[in-house]
Amino acid sequence: MGMMLIMSAACEQPGAHLNSSAASPSASQHAGSPAGSSVTDIAIFAGGCFWCTEADFDKVPGVVSTTSGYIGGKVANPTYKQVSSGKTGHIEAVQVRFDPEKISFAKLLIAFWPTIDPLTPNGQFCDEGSQYRSAIFYRNADQRRQAEASKAELEASGRFTQPIVTEILPATEFYPAEEYHQDYYKKNPVRYSYYRNGCGRDARLAQVWGIRK
């Protein structure tokens, strides 16, 4: 796969949409509580390509499952093709189901910030467009309070001279993405690695945060 194809195709596996329908039943299984877990909570984050956001959160202790999907738009049951056009108003996001006894929402916020570029509006890394912008979606008043406090703390830290443009938005209906997007980094590790490196994600994160993975 050439670099130009990767840069233009964003999070899409070439040809996969031809035989994949939106929100297949198996995709929604990622959002279910696993056996042995009685209480879980949900957080929703957008950080550009959901393949990468999903991979990042799967590494966080206390996260039970992650689901790539679409949120914030005006079209019901959108497809990847519709969302990637930028015309539906949706944002690529990841629904994170977590065990609050092992990790709090506040700590998920701490884990989220270093995985994104909070200084670039309407896009992340090589993916341009409002559908790839960074955002935190709150599901209740407490999540909103914590998200706003976390952003304010980062703004007050003096780390950045540029404004932090990551949005804090009310959660609307979350639509799981097509099955081929779920756990993409596990199913297609070579393609995923090539995309992530080609997109310059980790290089930009190192520049913004001073962190190298």
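Reader: In which sense do strand β2 (residues 63–71) and β8 pair, and over how many bridges?

Author: Strands of a sheet pair through backbone hydrogen bonds, either parallel or antiparallel. Here β2 and β8 pair in the antiparallel sense, over 2 bridges (DSSP must find at least two for a pair). Opposite Gly-69 stands Pro-176, which is in β8. This is a predicted model with residues numbered from 1 along each chain as its sequence is written. Local features need pLDDT of at least 70 and side-chain atom pairs 80 or more, totals for chains, interfaces and linings use all residues, and side-chain values use heavy atoms, without hydrogens and water.

Reader: What is the order of the strands in the open sheet?

Author: The order is β7-β6-β1-β3-β2-β8, so β8 is written at one end and β7 at the other. This open sheet has 6 strands, and its pairing is mixed. β7 (167–170) and β8 (175–176) are the edge strands; each has a single partner strand, so one side of each has no neighbour in the sheet. In the protein chain there are 8 strands and 9 helices (DSSP runs of E, at least two residues, and of H or I, at least four, numbered from the N terminus).

Reader: Which strands does α6 lie across?

Author: Helix α6 lies across β1, β6 (134–138) and β7. Gln-146 belongs to α6.

Reader: Is Gln-146 buried or exposed?

Author: Gln-146 is buried, because its relative accessibility is 16% (buried is under 20%, exposed over 50%, partly exposed in between; 1.4 Å probe, protein chains only). Leaving aside residues up to four places away in sequence, Gln-146 touches Phe-105, Ala-106 and Leu-109 (contact: heavy atoms within 4.5 Å). A polar atom of the Gln-146 side chain lies 3.4 Å from the backbone nitrogen of Ala-106. In the protein chain, 51% of the 213 residues count as buried.

Reader: Which residues of helix α9 (residues 201–209) are buried?

Author: They are Arg-201, Leu-205, Ala-206, Val-208 and Trp-209. Their cover includes α6 (141–156), α3 (50–58), α8 (189–199) and strand β1 (41–47). After α9 comes Gly-210, with a positive phi near 75°.

Reader: Where does pLDDT stay under 50?

Author: It stays under 50 over residues 1–8, for which the model has 13 contacts beyond four places in sequence. Residues 14–36 also have pLDDT below 50, and this stretch has 38 contacts beyond near neighbours in sequence. For the protein chain, the mean pLDDT (the predictor's confidence in each residue, from 0 to 100) is 87, and 82% of the residues reach 70 or more.

Key
A polar contact is a pair of N or O atoms within 3.5 Å; within protein, one must be able to donate a hydrogen and the other to accept it, and residues adjacent in sequence count only if both atoms are side-chain atoms. Axes are lines fitted to C-alpha atoms, for helices over the stretch in contact, and angles run from 0 to 180 degrees between N-to-C directions.
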